[in-house]
Amino acid sequence: MTKQNDTGWRDVARIGQGSWYIEQGDKSEAIAALRRGLDLGLSHIDTAEMYGDGRSEAIIGEAIAGRRDEVFLVSKVLPHNASRQGVRAACERSLKHLKTDRLDGYLLHWRGPHPLEETFAAFEALKQEGKILSWGVSNFDEDDLDEALAAAGKGRIACNQVLYHLRERAIEHAVIPWCERHGVAVTAYSPFGHDDFPAPGSAQGKVLSEIAREHDATPRQVALAFLTRRSSVFAIPKAGRVTHIEDNAGALRLALSGTDIARIDAAFPRGRKPQALPMI
Ligand code: NAP
């Protein structure tokens, strides 16, 4: 299943592939995992200049060689590089590491010292040149999004990439509704809690296992299906192993019932809206 919004995020699989720390595992296994993910439809690959100082991008560049057209490729600029000239230089470096001539999405990793107007003007210039096909933000709360919209104008911000997993549902309060109102895709990062997934024997783990059993699925597939239950939300689990990629790809076929969703909702309560948007 793919999702659409009006800023170029068309035909993007709802489950993708993250790549933070991918350079710290076995390189050939990571490349095999990324390629297996493409075979299975996990076309959205997320990276950032920050990850391993470009080494994550370089591994992805190797993995997607000869398959660029199958990939929806997203990278991010560090806040301190997000000046008018800095964005351009960072983008050129990322393109070089990734061995490609374009990014499908380019995001401001989090808010930093440079005015949003300057960063966004640089994104727009890169878009005009075809070096990026869309751009967006990351770790933006509702008030940041208001400012971003005022700076960018309507219909320009493609995506907001934010922390979202079963035990951290803060974005459901205001960020998801804001993004849905404005046609901005939400990308859920760290969908497994950055490796803090409920243990099988725990009360929460048992709920996931029960639902998984009923669907002939796995607990991680249930979690991914829950997080992407709204048409505006994509998830980008990171998996450095082929077996993990195959497990995650199974979530593309899983649709939860209203009862399943209510059970997960009860086991992993949303909680109150925090003062500030959580991020890692
Ligand atoms: P995550 O995806 O929540 O969890 C990754 C961990 O889960 C890895 O240890 C991985 O192991 C394991 N895993 C994945 N699939 C599994 C499976 N089916 N069974 C068992 N274990 C499995 O954590 P994350 O890397 O923090 O988040 C995902 C991506 O979001 C990042 O890689 C990055 O691209 C992005 N991100 C963005 C921001 C931001 O500020 N914008 C912040 C954090 C993350 P293996 O690697 O051994 O397979």
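A residue counts as exposed when its relative accessible area is over 50%, and as buried when that area is under 20%. The model is predicted.

Q: Is K99 buried or exposed?
A: K99 is found in the loop between α3 (84-98) and β5 (105-108). Its relative accessible area is 59%. Since the limit is over 50%, K99 is exposed.

Q: With which side chain does the side chain of S232 make a polar contact?
A: S232 has its place in the loop between α8 and β9 (233-235). With a relative accessible area of 12%, S232 is buried. The polar contact of its side chain spans 2.6 Å, and the partner is E180.

Q: Why do the buried residues of α10 lie on the same side of the helix?
A: Helix α10 covers residues 258-267, and its buried residues are D260, I264 and A267. They lie on the same side of α10 because the arc they cover around the axis is only 65°.

Q: Which exposed residues does the face of α10 turned away from its buried side carry?
A: The buried residues of α10 are D260, I264 and A267. Their cover includes α7 (203-215) and α8. The face turned away from that buried side carries the exposed residues G258, T259 and A266.

Q: What does the cover of the buried residues of α9 include?
A: Helix α9 is made up of residues 242-249. I245, D247, N248 and A249 are buried in this helix. Their cover includes α1 (27-39) and α8 (219-227).

Q: Which element gives the most residues to the largest nonpolar core?
A: The largest nonpolar core has 75 residues, of which Y106 and F123 touch the most other members. Six residues of this core come from the element that gives the most, α8.

Q: Which residues does F123 contact, leaving aside its neighbours within four places in sequence?
A: F123 belongs to the largest nonpolar core and, with Y106, touches the most other members. Beyond its sequence neighbours within four places, F123 is in contact with V77, V87, Y106, L107, L108, I132, W135 and G136.

Q: Which residues come nearest to the ligand?
A: There are 28 residues around the ligand. Those that come nearest are D46, H194, K238, R241 and H244.

Q: What share of the ligand's exposed area does the protein bury?
A: An oxygen atom of the ligand is 3.0 Å from a polar backbone atom of S19. A polar side-chain atom of Y51 lies 3.3 Å from a nitrogen atom of the ligand, and for a polar side-chain atom of R220 the distance to a ligand nitrogen atom is 3.3 Å. Taken alone the ligand exposes 900 Å², and the share of this that the protein buries is 91%.

Conventions:
Residues numbered from 1 in each chain as written. Predicted model: local features only at pLDDT ≥ 70, side-chain atom pairs only at ≥ 80, totals over all residues. Heavy atoms only, no water. Buried < 20%, exposed > 50% of the residue type's maximum accessible area, 1.4 Å probe, protein only. Helix = DSSP H or I, 4+ residues; strand = E, 2+ residues; numbered from the N terminus. Contact = heavy atoms within 4.5 Å. Core = buried A, V, L, I, M, F, W, Y, C linked by side-chain atoms within 4.5 Å. Near = heavy atom within 4 Å. Polar contact = N/O pair within 3.5 Å; in protein donor to acceptor, adjacent residues only side chain to side chain. Areas by Shrake-Rupley, 256 points an atom, 1.4 Å probe, with all protein chains shown as cover. Arc of directions from axis to C-beta.
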